[in-house]
Amino acid sequence: MDTAIVIWGIVIYIILALIIALMSRLGDRKGMSGYYLGNRKMNGILSALSYSATTYSAFMMVGLAGLTYQGGVGALGFEIVYFTGVSLVALFGPRFWKAGKKFGYVTPSEMVGDRYESKAAASVIALVSCLFLIPYCAVQLAGVGYLLQGITDNTIPFTTGVIIATVLALLFSYAAGIRSVVWTDSLQAVIMIITSTIVALLVISELGGFGKFFHTLQTNHPEMLTVPGNGYFNFLTFLGLTLPWFFFSLSNPQVSQRMFMPSSLKGLRQMLIGFLIFGFIYTFVSVLWGFSALQLFPDLSTADLATPKLLSSNLVPPILGVIVMIGILAAAVSTIDSIMLTLSSMFARDVYGNLKKAPDERKQLTAGKIVIPVIAILAYLFAELELNLIAVLSVAASSGLIVAVPAFFGTFFWKRGTASGVITSVTLTAILVLILEFTGNSPLGLSAGIWGLLISTILFIGVSIMTRAPKEKASIFMNILKTESENAE
């Protein structure tokens, strides 16, 4: 693909996105709630588009397509399991929303800490989130690097793509906090879903239509239409990939924090329904992209090049290819700036804000803004390692975040949960997951994510039973949906 067209496409996108981001500054951004939650006034449509753009990042069009290229139809099952996990939003969403309204929570970790009456519990969850989300942020940066490198045949180097994504994420984060992120997300989501679907239909049409497309796939790559197929998606591998993804909407704070943002419970439901529709379409499109690249380029050096090669092929008109490329770039940037804002809010609120001499909200907000570029630099350095297979790395990050899942369940559904149980389970299991990920060990053939959930659950329950539970806050959270003053529709 002509590099000049790619560069002009990026320039036009930057100008348009910056205009939208700066226009979003017109709203009230005062305080932590204004900067990080949009004053809890997001409508359902904006919330759904932002949720979709944040969740379906470089992982989908680069990562899931690459995973399909490498392992076949098992990748579809992998993503469908994530879909079933979104049911957790239906279960926890109203509880998060009402608790946030009632107590003014800015971060999920702050809510957990208050429920267990422990600032230390909030700080531990915040620090563990930083530990695992910065690599996940780096995965998105790497996705942009691979994309621009592949689509321009190395004319735009990997590092240049990573720098572009980092700078854009910083600009959008600072423009107006979450308001600018949500509005640019909405633009990005619309671009993503329309253009990616058009490309999928166009490529399949050029390959002879759906009938011939799957017939050719069945003839030349029959193993890719079965599970475990070529052996990549054996049962334990599939379980290890899907379990962390099932709990993604709860364990990843850049996603769960969005449950605080809608203006009403009706808006929350609209967010969930809109996201499910968007995700259903996007999932099948990503899988079709992976299968298309497999037919066209069966010998790629790395599966993550499937999407760039497809977009730069003769089957995709250059202008359309650039527009889709911009959509993927925008999706990655959306996830990056969302993670930056979430981690900065957690650091400001749950680490800096929990110091012995607690700083006021103005100082917390200042601290949060200062730490954003630090997060960006760390993510950039990690991305420069150029680790392969984005989808697997994304799951590895979620394997670490899954250690907080028992604490969230206990927040609303188990009165006996204690702060000691939270701190012990999250801290010790996070260390275990790190060791397993770095060494590559899989005891009994089970992945780090499986062990993380299993051990954290055992520790949370066991330590909680042996320690004293806070009764007052436990009762409030158990009955949070019965409160009468936050049911604005």
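Because the model is predicted, local features need pLDDT of at least 70 and side-chain atom pairs count only at pLDDT 80 or more, while totals for chains, interfaces and linings use all residues. Residues are numbered from 1 along each chain as its sequence is written, and side-chain values use heavy atoms, with hydrogens and water left out.

The protein chain turns out to have 23 helices and zero strands. Here, helices (H or I, at least four residues) and strands (E, at least two) are DSSP runs, numbered from the N terminus. The radius of gyration is 22 Å, close to the 23 Å that the globule rule gives for 489 residues, so the chain is as compact as a globular protein of that length. That radius is taken over C-alpha atoms, and the globule rule is 2.2 Å times the number of residues to the power 0.38. Along the principal axes, the C-alpha atoms fill a box of roughly 65 × 55 × 40 Å. Of the 489 residues, 60% count as buried; buried means under 20% relative accessible area, exposed over 50%, and partly exposed in between (1.4 Å probe, protein chains only). Contact means heavy atoms within 4.5 Å. Among contacts between residues at least 6 apart in sequence, 86% join residues at least 24 apart.

Next come the helix pairs. Two packed helices are described by the angle between their axes and the distance between the axes. Axes are lines fitted to C-alpha atoms, for helices over the stretch in contact, and angles run from 0 to 180 degrees between N-to-C directions. Angles under 35 degrees count as roughly parallel, over 145 as roughly antiparallel, 65 to 115 as roughly perpendicular and the rest as oblique.

Helix H6 (residues 87-103) packs against helix H15 (residues 265-296) at about 150°, with the axes 10 Å apart. The two are therefore roughly antiparallel. On the H6 side, the contact is made by Val89, Ala90, Gly93, Pro94, Trp97 and Lys98, and on the H15 side by Leu265, Leu268 and Leu272. H6 also meets H20: their axes come within 11 Å and cross at roughly 60°, so this pair is oblique. Leu88, Leu91, Phe92, Arg95 and Phe96 of H6 touch Phe408, Phe409, Phe412 and Phe413 of H20. As for H20 itself (residues 405-413), seven of its nine residues are buried, so the helix is largely enclosed by the rest of the structure. Those buried residues are Val405, Pro406, Ala407, Phe408, Gly410, Thr411 and Phe412.

Alanine 306 sits in helix H16 (residues 306-311) and, at 1% relative accessibility, counts as buried. Not counting residues up to four places away in sequence, alanine 306 touches Tyr69, Ala293 and Leu300. Glutamate 117 has a positive phi of about 55° although it is not a glycine. Glutamate 117 lies in the loop between helix H7 (108-115) and helix H8 (119-151), and is exposed, with a relative accessible area of 52%. Leucine 444, also not a glycine, has a positive phi near 60°. Leucine 444 belongs to the loop between helix H21 (419-439) and helix H22 (448-466), and counts as exposed at 74% relative accessibility.
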